[in-house]
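Here is a short briefing to read alongside the model. Have a look at the structure first, and then we can walk through the ligand site, the domains and a sheet.

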Amino acid sequence: MLNINTQFDLIRQSATVAMADRILALKASGQNIVGLQVGDPDFGTHPAIADAAVKAMQSGLTHYGPSRGYPDLRTAVASKLNRDEGVSYDPASEILITHGGIHAYYLAMQSILNLGDDVLVPDPSWATHSNMAIMLRGNVIRVPAPAENGFIPFFESWEKALTAKTRVIVLNYPSNPTGAYPTREYLQKLQDFAAKHNLWIVSDEVYGSLYYGERPTCAAAFEGAKERTLLVNSLSKSYAMTGWRVGYLAAPARVIENALKAGQNSITCVAPFIQKAAAFALTDPAIQDVTANMRAAYSRRRDLVLRLSHELECEKVKVIPPQGAFYFFLDLRALKMSSIEMCEKILDEVGVGLVPGSAFGEQGEGFIRMTIAASDEDVEAGFRKIIEWAEKQ
Ligand SMILES: Cc1ncc(COP(=O)(O)O)c(C=O)c1O
C-alpha cells in the first residue's frame with residue numbers, strides 16, 4: 001500500500017463533528033432538536049455588506065486579486081487594530097488578509113514552526129489550536145487551565161511546561177469554549193515570560209469584540225510585545241460573516257513574508273469581492289453597530305441563563321458566568337459521567353444538541369459547551385431541558 005502522511009494519525013476526529021452528524025441525522029428523521037452546539041452567530045450578515053460584495057462582483061472583481069490583500073482592506077485592518085486595541089501596524093508590511101481566522105492561525109504557525117518545536121496550548125481550548133500545530137509537526141504540550149482558576153493557567157503551569165525546545169505559546173481570549181480571559185497584569189507577566197525565554201505568542205482574538213465586562217486586552221498591546229506576537233483575527237464572529245471566510249494576520253514583517261509565501265502557494269488570494277465587502281464592513285460607520293448589537297443580544301441571553309440557573313437551583317449543574325465569547329462551559333462533573341456520554345444522553349433523551357467538553361482537552365472532561373448564539377427561546381428551552389435531565393440523574 002502507498003504511504004500517506006502518518007502525522008494525521010495523531011489527530012483525533014473531532015467529537016464536535018461526530019455530534020453534529022448525529023444531530024443532523026436526528027433532525028432529518030423528523031425529531032425536534034434544540035441546537036445549542038454551533039459556534040456560529042444566529043444573526044444574518046448585514047445586507048449592506050452583501051450589497052458591497054455584489055457591487056464588487058458586478059464591477060468585474062471576479063478574477064485573481066492581490067495575495068497580500070487589497071491595500072484599502074489592510075489599511076482598514078490596521079486602523080481597527082489601532083482604534084480598538086491601541087497597537088499600530090504598518091498595513092504595507094505587517095498585515096496579511098487570510099481565508100478566515102483559521103487560515104490566519106494556520107499561516108501564523110506555518111511561518112514560525114520548525115520540526116519538533118514545542119508548542120504550549122492551554123487546556124481546554126478549541127481543538128484546532130493543537131491539531132494545527134500537530135499537522136505542522138510541532139510537539140504540543142497542554143497547559144492546564146482549570147475551572148478552579150477561572151479557566152486560566154496558574155502561572156507556575158507555564159513555567160512547568162517549558163522545555164529547551166519550547167518556541168510558541170498559543171493564546172485564545174476570550175476563549176472558546178470557556179469565554180474566559182486574563183487580566184492585563186497576567187498578560188504582561190506572560191509577555192515578560194515569553195521575552196525571557198525567547199518565545200512567540202500566537203494570539204487568536206476572533207472573539208475579541210464579544211465581552212461582557214471590561215474590554216479584554218490585546219496580546220500585542222504591551223511594550224515590546226509586537227515583535228514576538230502574532231495576532232489572528234477575522235470578521236466571522238464580530239460581523240456575523242462566518243461563511244465569507246475572511247480574516248487577517250498581524251505580525252512582524254518577516255513573519256508576514258513567510259505567511260505570504262504560504263498563502264500564495266496554497267490559496268493564491270482571498271476572493272477580491274469578499275475583500276471589498278470586508279473593507280466596507282470594517283469602515284462603514286453604519287455597520288459598526290452590528291457588533292455592539294450582537295454583543296447586547298448575547299449579553300441578554302447570558303443574563304437569561306444566569307437568572308434561570310438561579311431560579312432552578314440545580315446543584316448538579318454548576319454555571320460559570322462567561323466573561324466573553326458566546327458559550328457557557330457548564331460544569332456537570334458532579335454527575336461523574338463522561339462528557340460524550342452526557343451529550344449523547346441529553347441529545348437522545350431531551351433533544352438538545354451540545355458539544356462534549358472533552359473535545360477541548362482533558363480539563364474539559366465533565367463539562368459541556370452550550371452556545372448562546374441561538375434564539376432566546378432556544379437558549380431558554382435548551383437550558384431548562386439540560387437542568388431537567390441532570391436532576392433525574
Ligand atoms: C477560537 C476560534 N478561532 C478561530 C475560529 C475560526 O474562525 P474563522 O471563521 O474566522 O475561521 C473559531 C471558530 O469557531 C474559533 O472558535
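Helix H4 (residues 100–112) supplies the largest share of the shell around the ligand, with 3 residues. Helices here are DSSP runs of H or I with at least four residues, strands are runs of E with at least two, and both are numbered from the N terminus. Please keep in mind that this is a predicted model, in which local features need pLDDT of at least 70, side-chain atom pairs count only at pLDDT 80 or more, and totals for chains, interfaces and linings use all residues. Residue numbers start from 1 along each chain as its sequence is written.

**Ligand site**
- The ligand is surrounded by 13 residues, and the closest are Gly-100, Gly-101, Ile-102, Ser-234 and Ser-236; a residue is near if its C-beta atom, placed from the backbone, lies within 6 Å.
- By class, the shell has 9 polar, 3 nonpolar and 1 charged residues, where Ala, Val, Leu, Ile, Met, Phe, Trp, Tyr, Cys and Pro count as nonpolar, Asp, Glu, Lys and Arg as charged, and the others, Gly among them, as polar.

**Domains**
- The domain assignment gives domain 1 (6–44 + 289–391) and domain 2 (60–284), with bounds from an automatic or database assignment.
- Their contact takes 33 residues from domain 1 and 34 residues from domain 2, counting C-beta atoms, placed from the backbone, that lie within 7 Å.
- On the domain 1 side, H10 gives the most, with 7 residues.

**Sheet**
- An open sheet of 3 strands runs S9-S12-S11 with antiparallel pairing; strands pair if DSSP finds at least two bridges between them.
- S9 and strand S12 (residues 367–371) pair over 5 bridges.

Key
Two residues are in contact if their C-beta atoms, placed from the backbone, lie within 7 Å.
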